[in-house]
Amino acid sequence: MSARHKHPGFTTVRKCKAIVPLLLSWFATNARDLPWRRTRDPYSIWISEIMLQQTQVKTVIPYWQRWMRELPTLQSLARARPEKILKLWEGLGYYTRALNLHKAARQIMAMHAGKFPEKFDDILALPGVGRYTAGAICSIAFNQPTPILDGNVIRVLTRVFGIGENPRDKLTNTKLWQLAETLVQTAADISRPASRIPHPASLASHFNQSLMELGALVCTPRSPRCCDCPARKHCIAWRENRIAQLPNLARRAATTGRRFIAFVVKCNENFLVRQRPSGVVNAQLWEFPNLELNGESDLKVVAKSALGFAPKNLRPLCVIKHSITRYRITLEAYQSQLKLAPTKTRQPDQWLAPTELKQLAFASAHKKILAQLSP
């Protein structure tokens, strides 16, 4: 490792000491009133952090509130059926997160006697928890000076410290983690808080949240509100007019279009649906029989491949467009009414009534199809 990536030098430490009180004071008067900020319960904070992964705050709030009503404790999560967990998560995306929460809850029951662990390494060992999430839980719930580094924090640090290298590069990423650690340790070491700085018992917690909040509200990717930034006079990007160039992220992979056909088949007031297998995207969620088009365009041929039989009266129902990572997906849905159920269907397809369908967790695009069927 090169010398410039080893440990923060004297100038960096001095800058950190100058920035930390400014961000703490700013956070004390500008923090959003988010429901998970009204508690220090590690279970509640853990759920919020997992939900917030790659998901906007405004989207998470109602999901978190409903989750905490239905599964208010770690024990209730561990006991819950996977079907209930997926239904609570329905529409939030990245469903592996929900399944990992269930696995982690059972792991905590087995290995920690049902008490959420306080040690960083124990939290990091939980399914679905990475270095950032473990650090966030340790600092927010237990006020430990553990660093955090997500997209918001990367943006703040690269701009304030004028880091022009790609933050995804190993050496640069290591430097950013070290900066984040120096900052939160500096906050934890404050012994006599100044005006509007919270009690020392919550300094690490409040400082890490101030970094995230600054990136979310002020130091935004586009049109940042530099005039409102408490760290502006210490910001190299602002002083050198490099805000638009930082962080220096590599271009994202080009998007790829994909086309699917779904079949909504009704017979005797029941609909044909299937559950996705484990180990695939949207595992264990429900969907209507469907198939990705790779050259074949004859609808009856596609239908027979997807269903095991070819309905004669297929009619267009709707078109759903959505994205998963770099894929731009078009899902065309066709409907058909049968008088008699076919003797052969694809395994493990099932005929279910509308009341039964409403109890199941559907993949987001297929939930939109289901909404088209509601009276």
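Modeller: This is a predicted model, and the accessible surface of the chain comes to about 19,400 Å², with 51% of that area belonging to carbon and sulfur atoms.

Biologist: And what share of the residues is buried?
Modeller: Of the 375 residues in the chain, 47% are buried. The C-alpha atoms fill a box of roughly 80 × 50 × 40 Å, taken along the principal axes.

Biologist: How many helices and strands are there?
Modeller: The chain has 15 helices and seven strands. Among contacts between residues at least 6 apart in sequence, 68% join residues at least 24 apart.

Biologist: Let's pick a helix, then: which residues of α5 are buried?
Modeller: In α5, which spans residues 82–89, the buried residues are I85, L86, L88 and W89. Seen down the axis of α5, these buried residues fall within an arc of 160 degrees, so they line one face of the helix.

Biologist: Why would residues a few places apart point the same way?
Modeller: An α-helix has 3.6 residues a turn, so residues three or four places apart point the same way.

Biologist: OK, and what covers the buried residues of α5?
Modeller: The cover includes α2 (42–51), α3 (57–70), α4 (74–79) and α6 (96–111). Following α5 there is G91, whose phi is positive, near 95 degrees.

Biologist: Switching to strands, do β1 and β6 run parallel or antiparallel?
Modeller: Strand β1 (residues 256–267) and strand β6 (residues 327–338) run parallel and are joined by twelve bridges. As one example from this pairing, R258 has I329 in β6 as its bridge partner.

Biologist: What about β5 and β6, parallel or antiparallel?
Modeller: Strand β5 (residues 315–324) runs antiparallel to β6, and nine bridges join the two. Here H322 stands opposite I329 in β6, and I329 is also the bridge partner of R258. The hairpin of β5 and β6 has two residues between the strands, and in that hairpin T325 takes a positive phi near 50 degrees.

Biologist: Where does R168 sit?
Modeller: R168 lies in the loop between α9 (151–160) and α10 (170–188). Leaving aside its neighbours within four places in sequence, R168 is in contact with L249, A250 and R252. R168 and L249 are 81 residues apart along the chain, while their C-alpha atoms are separated by 7.4 Å.

Biologist: Last one: how many positive and negative side chains are there?
Modeller: There are 55 positive and 25 negative side chains, and the centres of the two sets lie 4 Å apart.

Terms used. Residues numbered from 1 in each chain as written. Predicted model: local features only at pLDDT ≥ 70, side-chain atom pairs only at ≥ 80, totals over all residues. Heavy atoms only, no water. Buried < 20%, exposed > 50% of the residue type's maximum accessible area, 1.4 Å probe, protein only. Helix = DSSP H or I, 4+ residues; strand = E, 2+ residues; numbered from the N terminus. Arc of directions from axis to C-beta. Contact = heavy atoms within 4.5 Å. Areas by Shrake-Rupley, 256 points an atom, 1.4 Å probe, with all protein chains shown as cover. Lys, Arg positive; Asp, Glu negative; His and termini not counted. Charge placed at Lys NZ, Arg CZ, Asp CG, Glu CD. Pairing = 2+ DSSP bridges.
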